[in-house]
Amino acid sequence: MNKVRICVLVSGGGTNLQALINSQSKGDITHGEIVGVISSNPDAYALVRAEKAGIPSAVCIKKGRSQEEFEDELISLLDSFRAEIIVLAGFLTILSSRFTNTYNRRIINIHPSLIPSFCGEGFYGLKVHEAALERGVKLTGATVHFVNEIPDGGEIIAQKAVEVLPGDTPQLLQKRVMEQAEWILLPQAVELVCERMIDK
Ligand code: GRF
């Protein structure tokens, strides 16, 4: 069967990349195949995870270059992987509307809250969970969505709720959201998008 070629963009630890790799080896992702990993950070542990899984990787750094130069290199790397779907899994470098328009409905992101809560500019990493605790919500979670020019504003693909518990710190909540939502939801959503693309 023809598989959708997936490229995963990372900047850090890569636990979501690992969840995708694990799902692929368990046979839970069948309509797609991770063909490449691109990191905006040369020291990202995600690169080690890619290597251990035998997935080719590349580094593309923004520092010291214009947005256009950075994205031109990113596009040529994506072309070299012949990527059909791009998964942002903790990718911390901003992408312009020129880039997101190039890959309309082909870029998927995971955000650690139930969008439209605690999302958009400035909501990344622990800041998302700090804001959820500050607001006193009893439920939070994760959202997988298509990426467009509005930060966290693209069409929602899947969501999963997670309970906030008494005594939670941002770190504890972040860990629970990852374990109970992100690592389950992202592979499921990627498989769903790939399946829809193949069926088209
Ligand atoms: C995750 O919380 C994800 O939701 C957000 O960035 C974090 C990446 O973590 N977009 P990791 O690099 O996958 O461990």
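Colleague: Which strand holds Gly36?
Modeller: This is a predicted model. Take the strands in turn and look for residue 36. Strand β2 covers residues 32-39. The place of Gly36 is therefore in a run that DSSP assigns as a strand, and that strand is β2.

Colleague: Is Gly36 buried or exposed?
Modeller: The cut-off for buried is under 20% relative accessible area. Gly36 has 0% relative accessibility, so Gly36 counts as buried.

Colleague: Which residues does Gly36 touch, leaving out those up to four places away in sequence?
Modeller: Contact here means heavy atoms within 4.5 Å. Strand β1, residues 4-10, is joined to β2, and the list includes Ile6, Cys7 and Val8.

Colleague: How far apart in space are Gly36 and Pro112, C-alpha to C-alpha?
Modeller: Pro112 is one of the residues around the ligand. In sequence, Gly36 and Pro112 are 76 residues apart. In space, C-alpha to C-alpha, the distance is 24 Å.

Colleague: How many of the eight residues of β2 are buried?
Modeller: Gly36 is a buried one, at 0% relative accessibility. Strand β2 is largely enclosed by the rest of the structure, because the buried residues number seven of the eight.

Colleague: How many bridges join β1 to β2?
Modeller: The two strands run parallel. Val4 stands opposite Gly32. Arg5 stands opposite Glu33. The bridges joining β1 to β2 number seven.

Colleague: What is the strand order of the sheet?
Modeller: The sheet is open, with seven strands and mixed pairing. Its edge strands are β3 (57-59) and β7 (156-163), each pairing on one side only. From one strand to the next, the twist averages 20°. The order is β3-β2-β1-β4-β5-β6-β7.

Colleague: Which strands does helix α1 lie across?
Modeller: Helix α1 spans residues 15-26. It runs at about 155° to β2. The strands it lies across are β1, β2, β4 (85-88) and β5 (107-111).

Colleague: What angle does the direction of helix α6 make with that of β7?
Modeller: Helix α6, residues 170-199, packs on the sheet. It touches β1, β2, β4, β5, β6 (139-146) and β7. With the direction of β7, its own makes about 160°.

Colleague: Is Leu17 buried or exposed?
Modeller: Leu17 is found in helix α1. Its contacts include Val8, Val10, Val37 and Ala89. Ala50 is also touched, with the C-alpha atoms of Leu17 and Ala50 8.1 Å apart. The relative accessible area of Leu17 is 0%, so Leu17 is buried.

Colleague: Which class does the aromatic pair of Phe99 and Tyr103 fall into?
Modeller: The count comes to one aromatic pair. Phe99 is buried, at 0% relative accessibility, and Tyr103 is buried too, at 9%. The ring centres are 5.0 Å apart, with 45° between the planes. Planes under 30 degrees apart would be stacked and over 60 edge-to-face, so the remaining class applies: the pair is tilted.

Key. Residues are numbered from 1 along each chain as its sequence is written. This is a predicted model: local features need pLDDT of at least 70, side-chain atom pairs count only at pLDDT 80 or more; totals for chains, interfaces and linings use all residues. Side-chain values use heavy atoms; hydrogens and water are left out. Two strands pair if DSSP finds at least two bridges between them. Helices (H or I, at least four residues) and strands (E, at least two) are DSSP runs, numbered from the N terminus. Axes are lines fitted to C-alpha atoms, for helices over the stretch in contact, and angles run from 0 to 180 degrees between N-to-C directions. Rings of Phe, Tyr and Trp (its six-membered ring) pair if their centres lie within 6.5 Å; planes under 30 degrees apart count as stacked, over 60 as edge-to-face and the rest as tilted. Buried means under 20% relative accessible area, exposed over 50%, partly exposed in between (1.4 Å probe, protein chains only). A residue is near a molecule or strand if one of its heavy atoms lies within 4 Å of it.
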